[in-house]
Amino acid sequence: MPDAMIQHSVLFLTLLIHIARGQVSYSIPEEMAKGSMVGNIAQDLGLDLQRLKSGKARLFARDNTEYIELNRNTGLLLIREKMDRESLCAKTTPCALHLQMILDNPMELYTITIEITDINDNAPSFQKKDFRFEISESAVAGAGFMLGGAFDPDVGTNGLQSYSLKPTDKFRLELHSQEDGSKNVEMILQRPLDRETQSSFTLLLEAFDGGDPVLSGTVQIHITVLDINDNAPVFAQRVYKTTITENALKDTVLTVVSASDADEGSNSVVTYYISDTMASNVADMFLVNAKTGELILNGLVDYEKVSHYELNIQAKDQGGLSNACKVIIDVLDINDNSPNIQILSSSHSVTEGSKSGTVVAMLNVDDLDSGVNGQVRCFISEDIPFAITSQSSSFFSVQTEQELDRERESEYNISVICTDEGVPALSSSVSLRVQISDVNDNAPVFEKTNYEACVVENNTPGVSIFSVKASDADWNQNARVSYILEDSTVNGVSVSSYVSVQPDSGVITAMRSFDYETLKHFHFRVKAQDGGSPPLSSNVTVKITIQDQNDNAPQVLYPVQTGGSVVAEIVPRAADVGYLVTKVVAVDVDSGQNAWLSYKLQKATDRALFEVGLQNGEIRTVRQVTDKDAVKQKLTVVVEDNGQPSRSAVVSINVAVADSFPEVLSEFTDFTHEKQYNDNLTFYLVLALAAVSFLFITCVVVIISVKIYRWRQSRFLFQSNLPVIPYYPPHYADTGVTGTLPHGYNYEVCMTTDSRKSDCKFSTLGGQSVLVVDPSFTETMQHTIKKNNSIDGLGSTELQKPPNSDWRFPPNQRPGPSGQHRFHTLQQRWTPYEKSRAGVRPDEAGAGAGVIAGTGPWPNPPTEAEQLQALMAAANASEATATLGPRYNLQYGPEYRQNVYIPGSTATLTANPQQQVPQQALPPPQALPPAEVPKAAQTPASKKKPTKKDKK
């Protein structure tokens, strides 16, 4: 809609700028029917119909209301929607629609004005349905009452013109003009009203318009004449008489006084009250209802005190006018005292079975009246086994008439009524509550003479089956029932192992899981015993039926499934359709529908060849057997029961389609092997998986353990703050050794504090002191040497000085034992430079106390090649000694008997203190020959006799 308005606005502005304008006017009455013609716009504007079509003539209205439509084919303006002038313009005159007709190609704009004339289609109406006025009868003539005016939506002569009022004997109309041209109507009273003559009026006010025909509207005026107080109240009687019995109840209505007033409304409302001239004791004894005039007793009257009363009662209206009357009251003497009952003694409980005549209560009865009104008689109102007897005129006793039974009635409410002989007789009553105490005289009684229950087999032990219920007519402890399972046997086993009974509730619980196939039902007895003394009991027989459950799968009886041999059914190739191959026979130990069996063919080598009977299990041929059919046919038949859920069994049947036995035998030789293979395949797979998993876990644990062990050994040997200082003081002693090695040489080894963790052993062989190192320790030392060399290589640039080339010895001149001394095995740990030099360097501070330092330069740690050469030399020496014997000795090596330097250590080997001499300087260093890389150590398996060349 907004887009259309914008389009029309733009088009309209364009027309204003470029197009010449034309104008035409029409006048039509309102309420014209839809489709009525307004005018021929084409003819009036002198336009051709073709121009209307080609120019797409259309109408445009500013308010977008489409009351008028244009027919391009005829050029007529038609009524599209019925128009109501009052809705469009209200009171505005003239009322017109302003339209524009727009043409395109070229654009033209024409203005169309359509005037809508009024018709008399609306009658005058009043805003109210009726007018109501209340006018007092004392109103004077000339009083005015404004009524307002009627409304007519039409205009001109069709609008509101005049009013009329009927009847006109009491009132007249006056019209008052307003500024907007409307007129108000006022009703004027012409003469006074009399309520007693006429209490109400109904007038008719009518309004007329000036149309043709004339339309009118009416409204009713209801007038009520109000009364004024001009009459006093008048009593119906001047004197009222009444009687009252003594001891009448308070608020008893004695009589009703009545006065009337001829006035109406509030002037006729009468109020009653007792005159102020009465004595206060009399005025306080009675009350009068101010609205109804009822005379009410406000106290207690006694004939013996006052027997006669006189009252003055006044009636007054709202205007203050009043009148009075007299009321005379006589008091009557009556039997106004009822017997008074007092309980002297009573028993609250009586034991059932007590003898007849047992006294349960004693009463004293008195009546304050005299004469006949004071004579009293007592009785028991209900038919109960109790009686009342009188021992004197005022004493009574209540006693039993027969033996009592608590189970028939546990307690009695005894109502004793005593009446006098007055007229009317007065009576009093008292209630005695007597409870019957219980004795154990009733045994428990079961609700049924016998019980039967069902339980589904395979139940959960401890499940509740059902409950037995017994009731005892006694009370309290005597009625407390306990349930006991009587001892009996079921199939030679105590029934208590099958079921148990809750002592308090009687719930029977299964103690085991039942099997229908083993036990279908059993009986036992339950005893109900009360808590009395002595206790009473009764018993009942209970039958438990076991319901079958589909818990057993079908069992195939034929064909028999054997593990080793192959059984095959032979079908000749000449077998016809329906040939009986074999029959599957199966049974189900369940019962009912759980044992109904059905047979289905699950798998078959050729499904189109065989079928199995659904109910009988017979396997028959479906078609004619041909030569193309395989000799070996394997059928899998499923036997399924009808239980919920169903269970099934599977049987495999081997069928041979052949005419001769050798042909059958050749085809079924591999059945047994295949079956055994399939049966054991799963077991072998599981076993292999378990073995692989175990081996993997074991390897991981071993590897981790070895890593941890090596790491700990390397820490023990590597992380030491002190150097290893071998100390070799020579001891010269003659031993009984024969051969060319006459002397034994003793060595003392000094190690660090951590060295105790190494496996060093000292042994003496043939009087010689020999240092023997455990092979494991040797391997550890070698591993440590390699690690220390790698560490030395990394840290040598910062912690170690450059190698000193002055201290070099050829392999045959290195420090070691001199003379005829024998090395069996010697492994020495090379300590890193930075750890062996923990103290002050010898070349800076000199030798320590007790050590004679050399004058030559301090040797640097040997290289890895030097270490390996030393180890090989020691090994060769030991091997040579063991091989050659006394013929081979180390006499070609230089002797350093006084001081021996240990490469890689700060220790200096010296002779005994008694033999110490000043240390001579070392000879100048000589050029070292090229070092030979030693060969790898030989293993026992690869060891061979060394040649002379190898020994040299």
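Guide: Happy to! Let's begin with the whole chain. Of the contacts with a separation of 6 or more, 68% are between residues 24 or more positions apart. Keep in mind that this is a predicted model. The mean pLDDT of the chain is 74, and 71% of its residues reach 70 or more. Over residues 874–952, however, the pLDDT is below 50, and this stretch has 129 contacts in the model beyond near neighbours in sequence. Residues 722–859 also stay under 50, with 242 contacts beyond four places in sequence.

The secondary structure comes to twelve helices and 59 strands. The chain has 952 residues, and buried ones make up 36% of them.

Now for the part you asked about. The largest nonpolar core has 28 residues, and Ile465, Phe522, Val542 and Ile544 are those with the most contacts inside it. Which elements give two or more residues to this core? They are strand 33 (450–456), strand 34 (464–467), strand 39 (499–501), strand 40 (507–510), strand 41 (521–529) and strand 42 (537–547).

Leaving out residues up to four places away in sequence, Val542 touches Tyr451, Phe466, Val468, Ile508, Phe522, His523, Phe524 and Val526. Elsewhere there is a second, separate core of 27 residues, which includes Ile41, Leu52, Ile68 and Tyr110.

One nonpolar surface patch, of about 560 Å², is made by Phe696, Ile697, Val700, Val701, Ile704 and Ile708. Phe696 lies in helix 7 (residues 671–718). Is Phe696 buried or exposed? Phe696 counts as exposed because its relative accessibility is 59%, and the cut-off for exposed is over 50%.

Our last stop is Leu332, found in strand 23 (residues 322–332). Leu332 has a relative accessibility of 41%, so it counts as partly exposed. Setting aside neighbours within four places in sequence, Leu332 is in contact with Thr243, Ile244, Thr245, Glu246 and Tyr303. How far apart in space are Leu332 and Ala248? From C-alpha to C-alpha they are 9.9 Å apart, while in sequence they are 84 residues apart.

Technical notes:
Residues numbered from 1 in each chain as written. Predicted model: local features only at pLDDT ≥ 70, side-chain atom pairs only at ≥ 80, totals over all residues. Heavy atoms only, no water. Patch = residues over 30% accessible without salt bridge, like charges linked within 9 Å, V, L, I, M, F, W, Y side chains within 5 Å. Areas by Shrake-Rupley, 256 points an atom, 1.4 Å probe, with all protein chains shown as cover. Salt bridge = Lys/Arg side-chain N within 4 Å of Asp/Glu carboxyl O. Helix = DSSP H or I, 4+ residues; strand = E, 2+ residues; numbered from the N terminus. Buried < 20%, exposed > 50% of the residue type's maximum accessible area, 1.4 Å probe, protein only. pLDDT = per-residue confidence, 0-100. Contact = heavy atoms within 4.5 Å. Core = buried A, V, L, I, M, F, W, Y, C linked by side-chain atoms within 4.5 Å.
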